[in-house]
Amino acid sequence: MGSTDSKLNFRKAVIQLTTKTQPVEATDDAFWDQLWADSSTTVQDVFALVPAAEIRALREESPSNLATLCYKAVEKLVQGADSGCPGEREKQVVLNCTRILTRILPYIFEDQDWRGFFWSTVPGAGRAGAEDLDEDDGARPLAESLLLAIADLLFCPDFTVHTHRRGPDSVENMQSIDSCEYIWEAGVGFAQSPPLNYIHDLNRAELLRLLLTCFSEVMYLPASADERTLNPWVAFFCSAENRHALPLFTSLLNVVSAYDPVGYGIPYNHLLFSDYREQLVEQAAQILVVALEHDGGAPRRPSSPSAVEERQVGPSDLGTLDSRNASPFSQSSGPENLFVNYLSRIHREEDFDFVLKGLARLLTNPLMQTYLPNSTKKIQFHQELLVLFWKLCDFNKKFLFFVLKSSDVLDILVPILFYLNDARADQSRVGLMHIGVFILLLLSGERNFGVRLNKPYALHVPMDIPVFTGTHADLLMVVFHKIITTGHQRLQPLFDCLLTIVVNVSPYLKSLSMVSANKLLHLLEAFSTSWFLFSVAQNHHLVFFLLEAFNNIIQYQFDGNCNLVYAIIRKRNIFHQLANLASDPASIQKALQRKRKSPDVISRAGSQETVSMEGSRPAVPAEPGTLKASLVAMPGIDKLTEKSQVSEDGTMVSVVAVAAAERPERTAAGGTSDTESNSGKENEDVFYTEAEMQKRRVSSASSASLWTPTQDWVLSWKSKLPLQTIMRLLQVLVPQVEKICIDKGLTDESEILKFLQHGTLVGLLPVPHPILIRKYQANAGTATWFRTYMWGVVYLRNVDPPIWYDTDVRLFEIQKM
């Protein structure tokens, strides 16, 4: 009964806020206590009892009441952080204020006039947090007081961390507490594993949810906002003014990396027991990926002068963190965002191993098969984990090299290929397709990745791809073929990226299976039809990529690749047709008319589909009603990568300057294929929402119909087709194979393969061209894409409670499938 009464009082107070003609005084504690003194309100109750319409009405009609509500709620959090929440009532007040602010903040961010409210100085606000400031500095902005209070509360003994105090009466002083001793989980820089406490996990998750809501102001700014502008909430929270930045970063990283959803492996245990840690791990992963956004810009609002001296000592004074007396962070200085700084300076192999194994375990979790259906828990936050892995590799090159120096990288590769294959038909998961391909593009720029792909593939992951016996390289080729031939149409911009990955790894692939060799030849066959080449100005680039991959394998790995050589010999007519491609106007017109009769870009015809892997299910489109967040346009492949040449000693030499000089009239001899895309040039620094992109697609389709291929255009790239190596191979081997077939009466391809296996082309092929690798390079376009994608994922994953649902988000559009 008491619970109902208190909810009623809460509801009455909310109504009074919107309907009172006179502003409620900040000193009227009896009124304000109705909003946060209740002990039975949940976050779901707060969202139900404070409707969106009433928050907007409060904002428009009683702005002083909304301002006082925010100020009072922050004040309660600051008081709780100062006192250390010694009693149950204080803890309850902190949680209720946390929930109310989580509910209200999005509606403050969506209104341009209110957006600066938290960054204005409210008289008397955050005095406790500002005690260490000089008199001249005055009070802190409300946002800073709120962020510092959240940081303190995340290390509050008996509320969010396990207490160290000995006697029943001793209370730990929150101002002098060393939060490095209260890191939430063993792992990077911390050896002790604190006892699990589900109440602490729930309280941490509530505070992290509020922190994420604070960071979400960026959702209400359009994607074309100034690239040099950082999120002020993230910039302050991750600055040296937050004395808990290091232990909090370490806690979040360790909680994610140490989480094991399967636990002791008892079947159906997730149905019998609530897993309170999963929610915390998901929130921790989201906070990490959002806080680690760093594109080298300057913060919009400078942090207060008192931080300058601290910043010089804070990041490097790390000796106290690790109980093993060896700091996990190197001593070099780095970016001002301390989360990025710490991430970039982790350097011990045992820490890399801990993080990599944790991420691999979680990414592999949805792939696990058991004899009992649905008996193991399946996590859903793999997109956040992929972004976190991306940031680790991008910001910490030592981690990237650690990942690639052993076969552990394959534990990341297999789940990525599983997600790509599984999401290829679902337009609501096009962002997942992009992040998976970006990670593989980043990895493929390193020689070790190509070498690791030669490990035999023996796992039984349930994928609807043909059964094959071969290596992880074969798995990569088969999945890429499946994406290109059976994925939805919006994946076409990714074809360049997929084939760039194939080219990057091709010089290191020792033996492709017959299945993957046939898949690659099928792609070349589809891409080299005259109607496909003539229909879009950039389509011939795909042929250049595939020819470059074949040349790499023939020049550098001929001995073990008899399957591919045999497939090339069998499909030799493709190469002859390319060499003799008709370019006269009549042939061009005839090819384009053929296209109008058969509009399907790439069919499965000619690709030998066989039995799929056991336990697989076909990729399916999104269910009707599924929400999806739009993405900004991606730059072309030439903006995503820079060319590097592999020198004789194995080091990479950038060829940007050479390529730039040669660009007006490039020859095919140097192996530099004609794959500089013009598609990204006009929109290199312009970003579009989904609706704008749709309009542009329609207009570009109409302008494409205005664009007509000419004889000169065809000749300009046809003369550069790198066909010499393959033509020489066919010239030498085809007569030999035909002769052996006639002489021995061979009809069995295994005998022909045996002959090819022991053959050699030494001295017969053109001089090997230098290996050319296209390495991923960050730019403004990818930074904007990542910001939009990450926040789209965060928006769609936070549905209980629906923090941002139905607010005026501008960074992306939410669409129903």
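Which residues have the most contacts inside the largest nonpolar core? They are Phe118, Phe215 and Phe339, in a core of 254 residues. The model is predicted. It holds 35 salt bridges, and some of these link distant parts of the chain, as with Glu446 and Lys775.

**Nonpolar core**

- The largest nonpolar core counts 254 residues, with Phe339 named among those that have the most contacts inside it.
- Beyond residues up to four places away in sequence, Phe339 touches Phe237, Cys238, Ala245, Leu248, Phe249, Leu252, Leu288, Ala291 and Leu292.

**Strand S6**

- Strand S6 spans residues 771-776, and six of its six residues are buried, so the strand is largely enclosed by the rest of the structure.
- On one side of S6 the buried residues are Ile771, Ile773 and Lys775, and on the other they are Leu772, Arg774 and Tyr776, which leaves both faces covered.
- S6 runs antiparallel to strand S4 (residues 641-646), and six bridges join the two.
- Within this pairing, Gln645 has Leu772 of S6 as its bridge partner.

**Salt bridge between Arg140 and Glu241**

- The side chains of Arg140 and Glu241 also form a salt bridge, with an N to O distance of 3.0 Å.
- The two residues are 101 residues apart and link distant parts of the chain: Arg140 sits in the loop between helix H6 (88-109) and helix H7 (142-153), and Glu241 in the loop between helix H9 (232-237) and helix H10 (245-258).
- Arg140 and Glu241 are both buried.

**Salt-bridge network around Arg59**

- A network of salt bridges links Arg56, Arg59, Glu60, Glu110 and Asp111.
- Glu60, at 49% relative accessibility, counts as partly exposed, because exposed requires over 50%.

**Loop residue Lys455**

- Lys455 is found in the loop between helix H20 (447-452) and helix H21 (472-486).
- Its relative accessible area is 40%, so Lys455 is partly exposed.
- Apart from neighbours within four places in sequence, Lys455 is in contact with Ser407, Leu410, Thr471 and His472.
- Of these contacts, Ser407 is 48 residues from Lys455 along the chain, and the C-alpha atoms of the two are separated by 7.9 Å.

**Nonpolar surface patch**

- Tyr198, Ile199 and Tyr276 make a nonpolar surface patch of about 280 Å².
- Tyr276 belongs to helix H12, which covers residues 276-291.
- With 32% relative accessibility, Tyr276 counts as partly exposed.

Note on methods
Residues are numbered from 1 along each chain as its sequence is written. This is a predicted model: local features need pLDDT of at least 70, side-chain atom pairs count only at pLDDT 80 or more; totals for chains, interfaces and linings use all residues. Side-chain values use heavy atoms; hydrogens and water are left out. Patches are made of residues with over 30% relative accessible area and no salt bridge: like charges are joined within 9 Å, nonpolar side chains (Val, Leu, Ile, Met, Phe, Trp, Tyr) within 5 Å. Accessible areas come from the Shrake-Rupley method with a 1.4 Å probe; for residues, only the protein chains shown count as cover. A salt bridge is a side-chain nitrogen of Lys or Arg within 4 Å of a carboxyl oxygen of Asp or Glu. Helices (H or I, at least four residues) and strands (E, at least two) are DSSP runs, numbered from the N terminus. Buried means under 20% relative accessible area, exposed over 50%, partly exposed in between (1.4 Å probe, protein chains only). Two strands pair if DSSP finds at least two bridges between them. Contact means heavy atoms within 4.5 Å. A nonpolar core is a set of buried Ala, Val, Leu, Ile, Met, Phe, Trp, Tyr and Cys residues joined through side-chain atoms within 4.5 Å.
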